[in-house]
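This briefing describes the fold of one protein chain and then examines two of its residues. Please keep the sequence and the model in view while reading.

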Amino acid sequence: MSLTEKSELDLCSAKGCHAAAVWELRWNNPKLHTPDRRKIWLACEDHKQSLSDFLGSRGFLKEVEPH
Ligand SMILES: [Zn+2]
């Protein structure tokens with residue numbers, strides 16, 4: 001795979017996962033971020049649930065959108 005192709009392919013944010021991302025988890029930590037700020041984690045189908053559970057349990061998760 002060339003560098004150009006690699007940079008165009010967004011990968012899952014889960015540790016050690018190199019699968020292509022199909023979901024965007026948009027989150028906000030109210031202690032660090034202003035309310036309209038969104039951090040984005042990318043997730044593959046396998047990690048969508050565990051990553052959104054992690055953010056959701058902390059009250060950080062705002063939206064989940066197809067990537
Ligand atoms: Zn993944």
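A residue is called buried if 20 or more other C-beta atoms lie within 10 Å of its own, exposed if 12 or fewer do, and partly exposed in between, with C-beta atoms placed from the backbone. By this rule, 19% of the chain's 67 residues count as buried. The model is predicted: local features need pLDDT of at least 70 and side-chain atom pairs count only at pLDDT 80 or more, while totals for chains, interfaces and linings use all residues. Residues are numbered from 1 along each chain as its sequence is written.

**Overall fold**

- The chain contains 2 helices and 3 strands; helices (H or I, at least four residues) and strands (E, at least two) are DSSP runs, numbered from the N terminus.
- Along the sequence, these elements follow the pattern α-β-β-α-β.
- Among contacts in the chain with a separation of 6 or more, 58% are between residues 24 or more positions apart; two residues are in contact if their C-beta atoms, placed from the backbone, lie within 7 Å.

**The sheet and its helix**

- The 3 strands form an open sheet in the order β2-β1-β3, with antiparallel pairing; two strands pair if DSSP finds at least two bridges between them.
- Strands β2 and β3 (61-66) are the edge strands, each pairing on one side only.
- On average, neighbouring strands of this sheet are turned by 25° against each other, direction ignored; axes are lines fitted to C-alpha atoms, for helices over the stretch in contact, and angles run from 0 to 180 degrees between N-to-C directions.
- Helix α2 (residues 48-57) packs on the sheet and touches β1, β2 and β3, and the direction of α2 makes about 5° with that of β1.
- The antiparallel strands β1 and β3 are joined by 5 bridges.
- Trp27 stands opposite Leu61 in β3.

**Ala14**

- Ala14 lies in the loop between α1 (3-8) and β1 (23-27).
- Ala14 counts as partly exposed because it has 19 C-beta neighbours inside 10 Å.
- Leaving aside residues up to four places away in sequence, Ala14 touches Ala43, His47 and Leu51.
- Ala14 and Ala43 are 29 residues apart in sequence, yet their C-alpha atoms are 6.9 Å apart in space.

**Asn29**

- Asn29 is located in the loop between β1 and β2 (39-43).
- Asn29 is exposed because 12 other C-beta atoms lie within 10 Å.
- Asn29 and Phe60 are separated by 31 residues in sequence and by 5.4 Å in space, C-alpha to C-alpha.
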